[in-house]
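Hi everyone, thanks for coming.

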Amino acid sequence: MMRHRFTLLLAGTALIAAVAGGGCGNGSNQTKTTNSKPAVRQNYAVAIKNFAFHPANLTVGAKSRVTWTNNDQGPHTIVTTVFNSGMLGQSETYSYTFIKPGTYRYHCAIHPYMEGVIVVK
Ligand SMILES: [Cu+2]
């Protein structure tokens with residue numbers, strides 16, 4: 001009679017290559033940048049129409065993405081201290097994800113009287 005022997009591969013001694021750091025005491029000044037691609041929690045839209053932002057005042061939570069759409073024929077821009085959309089032609093959009101809470105006032109560089117504010121909570 002033939003006996004089938006089942007060989008159990010016991011992975012008991014997985015070789016964990018413990019690459020021991022050379023023990024160079026470099027202190028703990030490493031800065032971790034793990035928020036390069038934050039997850040967007042919510043999306044908001046701001047329309048640009050008749051030389052105004054609609055809504056001009058918008059309150060969002062942190063990590064919200066706001067998308068501006070230019071519904072005018074002429075170009076507009078959205079300029080804040082943290083970003084500049086550049087020229088937006090008709091039907092063009094610009095999106096920005098707000099990470100840090102704060103009050104972000106913006107305007108159109110071409111028409112400075114066009115103003116808006118995003119409050120990030
Ligand atoms: Cu404008």
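**Starting from one asparagine**

Let's begin with asparagine 84: apart from its neighbours within four places in sequence, this residue is in contact with Thr77 and Val79, where contact means C-beta atoms, placed from the backbone, within 7 Å. Please keep in mind that this is a predicted model, where local features need pLDDT of at least 70, side-chain atom pairs count only at pLDDT 80 or more, and totals for chains, interfaces and linings use all residues. Residues are numbered from 1 along each chain as its sequence is written.

So where does asparagine 84 sit? Its place is the loop between strand E4 (64-70) and strand E5 (93-98); strands here are DSSP runs of E, at least two residues, numbered from the N terminus, while helices are runs of H or I, at least four residues.

Why is asparagine 84 called partly exposed? Because it has 13 C-beta neighbours inside 10 Å: buried takes 20 or more other C-beta atoms within 10 Å, exposed 12 or fewer, and partly exposed lies in between, with C-beta atoms placed from the backbone. Across the chain's 121 residues, 15% count as buried.

Now the wider picture. The chain has seven strands and zero helices. Three strands make an open sheet in the order E3-E7-E6, with mixed pairing; two strands pair if DSSP finds at least two bridges between them. At the edges are strand E3 (57-60) and strand E6 (102-107), each pairing on one side only. E6 runs antiparallel to strand E7 (residues 115-120), joined by six bridges. Within that pair, threonine 103 has valine 119 in E7 as its bridge partner.

Terms used
Contact = placed C-beta atoms within 7 Å.
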